[in-house]
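Good morning, and thank you for making time for this item. Please have the sequence and the structure open while I speak.

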Amino acid sequence: MTSVRAVDRSIAILQSFTVEQPLMSVVELQKRVGLSRPTLYRLLHTLASRGLIEAEGDPQRFRLAHGVMSLAHVWLKALDVVHVARPVVEDLRDRTGETAALFRIEEDRGICILEYESRHVLSISRGIGDSLTLAQGATGKAMLAFMDPERQAEFLERLPKEARAQLEEPLRSAKRKGYTISRGEIFVGAVAASAPYFDHRGSVIGSVGIYGPSARVNEEKVAEFAKLVVEAGAKISRLLGFEGRAGQSSRSAVRLPTRGTSARR
């Protein structure tokens with residue numbers, strides 16, 4: 001199928017506006033889309049009549065209008081995290097052979113909202129609906145580490161002093177590396193790796209994790225799992241509309257665990 005040229009050009013105009021440059025003149029738009037001025041004006045007039053573009057000032061400059069927000073609102077309302085993340089989580093299970101799951105923040109707890117269990121006879125499973133405080137496990141700490149500082153401080157303030165002290169270094173490490181690792185923290189003999197995912201505003205809303213028995217998950221696999229959950233978290237975030245920079249440096253500069261290094265948090 002071939003594209004409709006006028007529609008393609010209109011979309012190019014809408015996509016020209018950025019956070020860095022939300023307001024542009026005709027000359028600036030012309031440089032972005034490469035259209036003749038008469039054609040550009042006709043398309044701008046059409047977009048304006050549909051509430052997608054608005055003009056202001058003299059000389060005229062253009063910006064996205066309320067119609068774009070209405071479309072975004074419809075998209076966001078229809079966005080189902082489980083539906084969006086399902087193929088990503090299933091792929092994690094298939095690539096690693098271990099249980100992969102998706103968690104979401106609910107107040108001060110992380111709840112499992114999707115899980116693909118390992119096909120091995122010996123496997124680790126949390127189960128959909130299972131929840132734990134954010135201070136526990138790789139999946140909980142992956143969410144806690146990337147929470148808004150004020151919200152994180154409120155959560156930590158409610159913990160005993162000793163528990164807060166024990167979390168300081170693991171949270172710093174998670175923020176720096178972009179992922180968390182736990183050993184035997186939820187289940188004896190279990191190893192888990194997890195990374196956060198973000199909504200369209202750049203706020204952490206959950207984590208994605210892989211877990212399996214230590215009898216099968218050696219240090220080499222821990223390093224592989226860490227890389228895979230970071231990639232999965234980034235992919236889910238993009239599917240949810242996240243294009244900002246929250247946690248980006250941490251996730252793009254993954255520092256994988258080295259052999260023999262304790263990863264217990």
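I shall begin with the whole chain and then turn to particular elements.

This is a predicted model, in which local features need pLDDT of at least 70 and side-chain atom pairs count only at pLDDT 80 or more, whereas totals for chains, interfaces and linings use all residues. Residues are numbered from 1 along each chain as its sequence is written, and side-chain values use heavy atoms, with hydrogens and water left out.

The protein has ten helices and nine strands; these are DSSP runs, numbered from the N terminus, with at least four residues for helices (H or I) and at least two for strands (E). Of its 265 residues, 45% count as buried, where buried means under 20% relative accessible area, exposed over 50%, and partly exposed in between (1.4 Å probe, protein chains only). The accessible surface comes to about 14700 Å², and 52% of that belongs to carbon and sulfur atoms; the areas come from the Shrake-Rupley method with a 1.4 Å probe, and for residues only the protein chains shown count as cover. Among contacts (heavy atoms within 4.5 Å) between residues at least 6 apart in sequence, 59% join residues at least 24 apart.

Let me turn to the sheets. Three strands form an open sheet in the order E1-E3-E2, with antiparallel pairing. Its edge strands are E1 (24-25) and E2 (53-56), each of which pairs on one side only. Two strands are said to pair if DSSP finds at least two bridges between them; E1 and E3 (residues 61-64) have two, in the antiparallel sense. Ser25 stands opposite Arg61 in E3.

Further along, E7 (residues 180-183) and E8 (residues 190-198) pair in the antiparallel sense over four bridges. Here Ile181 stands opposite Ala193 in E8. The hairpin of E7 and E8 has six residues between the strands, and Gly184 takes a positive phi near 60 degrees.

Which way do the side chains of E7 point? Thr180 and Ser182 point one way, Ile181 and Arg183 the other way, and all are buried. In a regular strand the side chains alternate between the two faces of the sheet.

Finally, the helices. Helix H6 (residues 137-145) is mostly covered, with nine of its nine residues buried, including Lys141 and Met143. In helix H1 (residues 5-14) lies Val7, which is partly exposed, with a relative accessible area of 47%.
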